[in-house]
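Please look over the sequence and the three-dimensional view shown next before reading on.

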Amino acid sequence: MNSSKRSVVFVMLLLAFVLALSGCAAPPPQQADTGGEAAAASDGGGQVVLIIPEEPATLNQYLAVAAIVRQVADATTAGLSLVDQNGDFQPVLAETIPSIADGTVSEDFLTVTWKLRPGLLWSDGTPITSDDVKFTWEAISNPDSGAVLSNDFEKISSIDTPDELTAVVHYSEVNSAYPMQFAYGLLPRHATGEPNEMEKWEWNRAPVTAGAFVVSEWNSGDSIVMDRNPNYYLDGQPYLDRLIFKVVPDPGAQMAMMIQGEGQVHLWPGATKEDYDVQVEGEGQLQEVPGQWNMALRFNLSKPFDDDTGATPPHPILGDLKVRQALAHAIDYDTIINDVNPGVSPATSPFAYGWYRCDIPRTYTFDQEKANALLEEAGWVMGSDGIRVASGAANAEDGTRLSLQMEGYTNFQPLVKLEEALVEMWKAVGVEATIQNDDFSIIFGSLADGAPRKTGNFDILIYDSSLSIDPQATIAGLFHSSAIPSADNPAGANYSRWVNAEADAAIDLAGSTVDVPTRQAAYCDLANLIDAELPQLHLYLFTEGYGATDKLSGYAVSIWGSLTWDAQNWKLSQ
Amino acid sequence: MTEAALNSYEATSLTQLTLRRFFRHRMALLSIGVLALVIFSALFAPLSPYGPTEQNPSNDLMPPSLDHWFGTDDLGRDVFTRTLYGGRISIVVGLAATALSLLVGVVVGALAGYFGGWLDNLLMRITDAFLSLPSLFVLILISTVLRDMPNSAMRNSVWIVVVVIAVLSWMWPARLIRGAFLSMRHHEFVIAAESVGVGDWRIMLRHILPNSVGLIIVQATLSVGSAIIIESGLSYLGFGVQPPTPSWGNLLATAQVYALRAPWLMVFPGLMIFITTMSVNHIGDGLRDAFDPFSVR
């Protein structure tokens, strides 16, 4: 048979295969087992491969700009406390959580005394002492350290260490989030370096740790291997011998690994539980809980590409509130929740869960007529091609096209679907939106890296973010007018460049007291201001969870923790 | 041979000979027809009753039917329409990127192979450097330059994609052509040309290059399909055709997520890539045979 005939036969066979495959439909999804109980776990040992979509740049959580850092670093770091899956503070390296009741928090809330558990050791055998607590503060609060996660360390005026187990923290102002002060890990003075060189510490990639696991190998672009810490403070734990974080950017390859049993835990699968469980049936399932990752649009209120990271001059299009309101009215929220990203739950403010939850009604309901009217009022008239152009707009020259670029991160299909849906919804009211997604390292990069949200060179950013059990530091960073990123404040996170005196006052009030009702009321005031002025538009909350093999037990999906917050409790059945 | 027979013999030009040999290659002719059909389908995509971005989310992931010949995707869009529109970009990307990478590769390879010496060393070291650079690193570098461009239309331009793919792919044709030129540099016909004073450039262009056409064509046909696939990979780094604009590559990339639940999403774009690549391959076979001076057809 000559090559031509072979080609013809091959094509015929392929066509037959295509027709057969087109008639196939996936089997109906089985009712997911609730609880996901694993088979009886062994007494210990074994290794777990965790599939992650990107490699963390560091394991020093105070330098982290991307969420992946915490997901991996929590396996190898330990702080004085943590928040458990129920939202309660739990002591880790500390004996107890300080409180007024036992006198470890002063009446004026300005002095907090931490007592370490006796006999604690770093992974290299060196004792963990109160001096490490003091060093952690010294390092993070050093202005040249490069710390991104300030965690209110700037509110500490001094730390006394009367003995090796006691650290007395003196605050210059009330820190309502004091239980979380040292939650992101202690830094060992003996194994790191000078605070002003923290970004260059070797420790950032191979930490001497107090956590459950220690980095034993780091294969850039491929994997990070961690072995159990023999000096971990909990006797007999961790139960597992080894964790292997396998870097697999391609979602298809990630899924293939789970299906074939080559991975046991799968971070951020990007699929609904229905889709996921069908694909990994027999190997595992998606374990999820209502989450804290809040998908929002972040409008740049200032002009981009003007070599100025500040709030002025206003964005030619988004600087006008009516345009932002129109964009909000043009979104069909029900379609998004029910069809585009099914399984999510609506969110109308950043305070969508926790003790600070603030339920405000959706002000900008889906109303295309209203959206069109607002745009006309704002001086944007319909063009011949269905896209509006400026004609008397407040901040744009006549003839400017109403075209905006939406930027999110790559490798996450639910986000792409949302963006594509928004493009069509806005097109219906004469707004042209283009999508430009970038790698995590670009979207969540630093000012020095030229990240768009830091430099202000963007129109709309779209991504999900979360608040911790105490939101003050994050909220102040996101919305206070003093937190606009600049050369003097590279850690600033007010990416919308929003300036509002009332918002500043609400944020300051929430941070000045530990009284929960007062704080919650202040956060609700802030939520209403955000809703009124739309520096951000909140859309929905993702459910949270990860893919896990049926052979894994002992884990608890926690919206307050990361993937590996409880890795010390994991067990693997054989 | 009789005088009559000699007088009746028609002189045949090289072009006529080449064309005659090509037209005898039935698979190549069939493939031209198939490729023309693919191209015309893409050109006439606007005739579809559905728009390429027209969504119906409540009708998502439906299998092929009379209403939707290739089914619907995760936003309820007609996959047949998006596949047709996707062809517009993928075919341009595939052919243009291949042409550009070959242009660069042939120039580099020809210069290195013909002149040899320090120029060969220099060009091959540059080639090796590009080969050893991780693609990811190159793409991040390009992205760093492009992302600060205020003109987002330029950043998302298909031609940027073409250039990026060519930057990542010119090295292989360069090495191939260098080898061919090195080898033919010492053939008798080159020595003969030199001996009668033919200049270097003329030798390269009129003598050696035509004898390398077969090699170039084979390389080209292999490159077209991979160029289309590379384009889909670029989307992971924010390059490539951005959604919602369809290309065969990004249709395939999206389809991976639904591989088990909706396999038709990857079948049809994959089939189009396969058909296009096979057609280009067979056309390439025909061209190679047609240009082959040792062919007796």
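Which domains does the domain assignment give for chain A? The assignment, which is automatic or taken from a database, gives domain 1 (47-264 + 551-572) and domain 2 (294-543) in chain A. This is a predicted model, in which local features need pLDDT of at least 70 and side-chain atom pairs count only at pLDDT 80 or more, while totals for chains, interfaces and linings use all residues. Residues are numbered from 1 along each chain as its sequence is written, and chains are lettered from A and ligands numbered from 1 in the order in which they are written.

**The domains of chain A**

The C-alpha centres of domain 1 and domain 2 of chain A are 31 Å apart. Between these domains, 19 residues of domain 1 of chain A are in contact with 18 residues of domain 2 of chain A, where contact means that the C-beta atoms of two residues, placed from the backbone, lie within 7 Å. On the side of domain 1 of chain A that touches domain 2 of chain A, there are 13 nonpolar, four polar and two charged residues. In this classification Ala, Val, Leu, Ile, Met, Phe, Trp, Tyr, Cys and Pro count as nonpolar, Asp, Glu, Lys and Arg as charged, and the others, Gly among them, as polar.

**Chain B as a whole**

Chain B has 14 helices and zero strands, where helices (H or I, at least four residues) and strands (E, at least two) are DSSP runs numbered from the N terminus. Of the 297 residues in chain B, 44% are buried; a residue is called buried if 20 or more other C-beta atoms lie within 10 Å of its own, exposed if 12 or fewer do, and partly exposed in between, with C-beta atoms placed from the backbone.

**Packed helices**

Two packed helices are described by the angle between their axes and the distance between the axes. Here the axes are lines fitted to C-alpha atoms, for helices over the stretch in contact, and the angles run from 0 to 180 degrees between N-to-C directions.

| Helix pair | Axis distance | Angle |
|---|---|---|
| H10 (188-195) and H11 (200-211) of chain B | within 11 Å | roughly 150° |
| H12 (472-479) and H13 (501-511) of chain A | within 10 Å | roughly 165° |
| H4 (79-115) and H9 (171-184) of chain B | 7 Å | about 35° |

H10(B) and H11(B) are therefore roughly antiparallel to each other, given that angles under 35 degrees count as roughly parallel, over 145 as roughly antiparallel, 65 to 115 as roughly perpendicular and the rest as oblique. Their crossing, that of H10(B) and H11(B), is right-handed; a crossing is left-handed if the near helix is turned anticlockwise from the far one by less than a right angle, and right-handed if clockwise. In this pair B:Phe189, B:Val190, B:Ala193 and B:Glu194 of H10(B) meet B:Ile203, B:His207 and B:Ile208 of H11(B), and the residues of this contact divide into five nonpolar, one polar and one charged.

H12(A) and H13(A) are likewise described as roughly antiparallel to each other, and the crossing of H12(A) and H13(A) is left-handed. A:Gln472, A:Ile475, A:Ala476 and A:Phe479 in H12(A) meet A:Ala503, A:Ile507, A:Ala510 and A:Gly511 in H13(A), a contact with six nonpolar, two polar and no charged residues.

The crossing of H4(B) and H9(B) is right-handed. Residues that take part in this contact include B:Gly105 and B:Tyr114 in H4(B), together with B:Trp172 and B:Phe181 in H9(B), and the residues of the contact divide into 14 nonpolar, five polar and two charged.

**Backbone details in the loops of chain A**

The peptide bond from A:Gln237 to A:Pro238 is cis, with omega near 5°, and A:Pro238 is in the loop between strand S8 (223-228) and strand S9 (242-247) of chain A. A cis peptide bond also leads from A:Thr312 to A:Pro313, with omega near -5°, and A:Pro313 belongs to the loop between strand S11 (284-299) and helix H6 (321-329) of chain A.

A:Asp307 is found in the loop between S11 and H6 of chain A, and its phi is near 55°, a positive value in a residue other than glycine. A:Asp307 is exposed, with 7 other C-beta atoms within 10 Å. A:Trp268, which is not a glycine, has a positive phi of about 50° and is found in the loop between strand S10 (265-267) and helix H5 (273-279) of chain A. Is A:Trp268 buried or exposed? A:Trp268 is buried, with 24 other C-beta atoms within 10 Å.
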